[in-house]
Amino acid sequence: MARRVAVTGLGVACAIGADVEAFWTNLVAGRGAIGPLQSLDTSAFKVGIGAEVDAEVVRAGLKRLRRRPTDRAVDLGLVAAADALEEAGLIDGAPPYEAQPVAVILGTGAGSAESHTTGHARFHERGVRGLRPSTVPRCMYNSISAGISIHFKLTGINYVVVSACTSATNAIGMACRMVRDGYADTVLCGGADGFFDPFYFGIWNNLGVMSRHPDPARACRPFDADRDGTVFGEGAGMLVVESWERARGRGARIRGEVVGYGESSDASHLTSPSAEGQAVAMRDALASAGVRPDELGAVNAHGTATRANDLCESESIRAVLGDAVDSAPVSANKSYFGHTLGASGAIEAIAALLSIEHGVLPPNLNLEKPDPECRVRLVGGEPEPLERPFVMKNSFGFGGSNGVLLLGPG
């Protein structure tokens with residue numbers, strides 16, 4: 001018999017908050033954190049804005065864990081993981097920790113991008129002799145999951161999922177299947193990405209999908225008629241999921257439930273999304289949860305603020321929800337903390353879970369002129385009540401990867 005999947009720990013490290021309370025407070029207040037990049041010289045780039053996590057906050061989090069900075073994605077993941085594990089009652093304070101059979105399944109889009117850039121720079125400066133042996137473990141994509149597993153002594157399986165912007169959502173979905181089907185009792189899942197380095201940020205600059213709006217705070221405009229591209233943000237989001245019975249048995253606070261998951265591949269184009277492919281994942285998520293479209297309270301959209309994505313996602317939402325489309329308002333969070341690529345699904349799933357917990361949908365920032373071609377009901381510029389407790393979380397990535405979570409109350 002399939003087991004229910006409870007969420008017992010949440011941890012976040014992004015531009016609007018390196019703890020869940022600050023994160024939620026800023027969401028509801030409509031306070032974003034996109035601005036000129038401070039950690040990177042962008043004078044040669046077309047775009048020089050993004051959403052950075054406060055460096056002092058990250059340093060303080062690492063100090064509490066008795067860690068030195070290693071790679072930005074790993075560091076962000078550790079800080080968020082510590083909060084999620086502590087809230088779930090799996091760790092208490094600083095290390096050393098006792099070993100426990102918890103799996104670690106994480107998503108990432110860029111992996112250890114900072115370490116890759118550093119390694120390439122040393123190679124170009126000094127050739128082969130400049131490459132340190134530590135470059136190998138630092139540059140492995142699974143250095144994120146392995147680093148967290150080792151630090152917190154989590155002895156369950158650890159690995160990363162790499163599926164572009166769908167990575168964290170896929171990781172959460174896979175973790176929930178493990179719990180549901182009895183392959184694991186407890187999993188730390190989510191995602192982390194840090195990519196404000198000259199190479200990785202540079203190649204995305206040249207792709208032509210980033211906003212050039214003169215006002216950074218108004219640059220990311222999901223579903224707005226005047227949107228002109230996305231804005232990058234770094235960050236990590238972590239969830240502890242476990243069987244409902246185990247959570248109840250040990251008296252854990254249940255923050256929500258993952259009630260369904262769907263996934264699909266467009267199999268059509270490397271970068272252009274497909275409404276048909278997205279709709280398959282949405283329908284599968286609803287079916288796996290046993291939830292009807294008219295029972296949905298809201299949709300937390302992928303909402304990248306690119307013209308192609310927002311139009312396509314609106315079309316797929318309308319196709320799946322049908323007559324219920326106007327009763328499930330659509331929210332998009334990237335205007336607050338940027339597009340965090342492989343971490344976005346986890347950070348936005350946390351936003352959705354908090355909306356369910358508080359019964360409130362945060363406002364959509366910068367939605368000054370809703371695009372009439374995006375024929376869905378969008379949350380406005382003020383918080384709205386969540387009328388029904390189920391929220392669909394969409395994530396769609398380059399390569400045609402689609403992942404959708406169905407989240408419910410605790």
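## Helix α1 and its buried side

A residue counts as buried when its relative accessible area is under 20%. The model described here is predicted. By that cut-off, helix α1, which spans residues 20-29, has Val20, Phe23, Trp24, Asn26 and Leu27 buried. These residues lie on the same side of α1, because they cover an arc of only 165° around the axis. Their cover includes the strands β1 (5-13) and β11 (360-361) and the helices α12 (334-337) and α13 (344-358).

Both ends of α1 can be described. Glycine 30 follows α1 and has a positive phi, near 70°.

## The ten-stranded sheet

The model contains an open sheet of ten strands with mixed pairing, in the order β5-β4-β6-β7-β1-β8-β14-β13-β9-β10. The edges are β5 (158-161) and β10 (330-331); each has a single partner strand, so one side of each is left without a neighbour in the sheet.

Strands β8 (residues 256-265) and β14 (residues 401-408) run antiparallel and are joined by eight bridges. Within this pair, valine 258 has leucine 407 of β14 as its bridge partner.

## Strand β7

How many of the nine residues of β7 are buried? Nine of the nine are, so β7 is largely enclosed by the rest of the structure.

β7 pairs with β1 in the antiparallel sense over eight bridges, and valine 5 stands opposite serine 243 of β7. β7 also pairs with β6 in the antiparallel sense, over eight bridges. In β7, valine 240 stands opposite leucine 188.

## Helices against the sheet

Helix α11 (residues 307-321) lies across β9 (296-300), β10 and β13 (390-397), and runs at about 140° to β13. Helix α13 packs on the sheet as well, touching β1, β6 (186-193), β7 (235-243), β8, β9, β13 and β14. The direction of α13 makes about 60° with that of β7.

## Helix α13 and its helix partners

Two packed helices are described by the angle between their axes and the distance between the axes. For α1 and α13, the angle is about 75° and the axes are 11 Å apart. An angle of 65 to 115 degrees counts as roughly perpendicular, which makes α1 roughly perpendicular to α13. On the α1 side the contact involves Val20, Phe23, Trp24 and Leu27, and these meet Ile347, Ile350, Ala351, Leu354, Ser355 and His358 in α13. Val20, Phe23, Trp24 and Leu27 are also among the buried residues of α1.

Helix α7 (residues 167-180) packs with α13 at an angle of about 70°, and their axes are 5 Å apart. α7 and α13 are therefore roughly perpendicular to each other. Ala168, Thr169 and Ile172 of α7 make the contact with Gly345, Ala346 and Ala349 of α13.

## Alanine 349

Alanine 349 is a residue of helix α13. Its relative accessibility is 0%, so alanine 349 counts as buried. Not counting residues up to four places away in sequence, alanine 349 touches Ile172, Lys393, Leu405 and Leu407. Of these, Ile172 is one of the α7 residues in the contact with α13, and leucine 407 is the bridge partner of valine 258.

Alanine 349 and methionine 238 are 111 residues apart in sequence, and their C-alpha atoms are 9.6 Å apart in space.

## Two loop residues

Glutamine 100 sits in the loop between α3 (72-87) and β4 (103-107). Is glutamine 100 buried or exposed? With a relative accessible area of 16%, glutamine 100 is buried. A polar atom of its side chain lies 2.7 Å from the backbone oxygen of leucine 90. Beyond residues up to four places away in sequence, glutamine 100 touches Leu90, Ile91, Lys153, Leu154, Thr155 and Gly156.

Arginine 375 is in the loop between β11 and β12 (384-385). Apart from neighbours within four places in sequence, arginine 375 is in contact with Ser314, Arg318 and Val325. Arginine 375 and glycine 342 are separated by 33 residues in sequence and by 27 Å in space, C-alpha to C-alpha.

Terms used:
Residues are numbered from 1 along each chain as its sequence is written. This is a predicted model: local features need pLDDT of at least 70, side-chain atom pairs count only at pLDDT 80 or more; totals for chains, interfaces and linings use all residues. Side-chain values use heavy atoms; hydrogens and water are left out. Buried means under 20% relative accessible area, exposed over 50%, partly exposed in between (1.4 Å probe, protein chains only). Helices (H or I, at least four residues) and strands (E, at least two) are DSSP runs, numbered from the N terminus. The arc is that of the directions from the helix axis to the C-beta atoms. Contact means heavy atoms within 4.5 Å. Two strands pair if DSSP finds at least two bridges between them. Axes are lines fitted to C-alpha atoms, for helices over the stretch in contact, and angles run from 0 to 180 degrees between N-to-C directions. A polar contact is a pair of N or O atoms within 3.5 Å; within protein, one must be able to donate a hydrogen and the other to accept it, and residues adjacent in sequence count only if both atoms are side-chain atoms. Angles under 35 degrees count as roughly parallel, over 145 as roughly antiparallel, 65 to 115 as roughly perpendicular and the rest as oblique.
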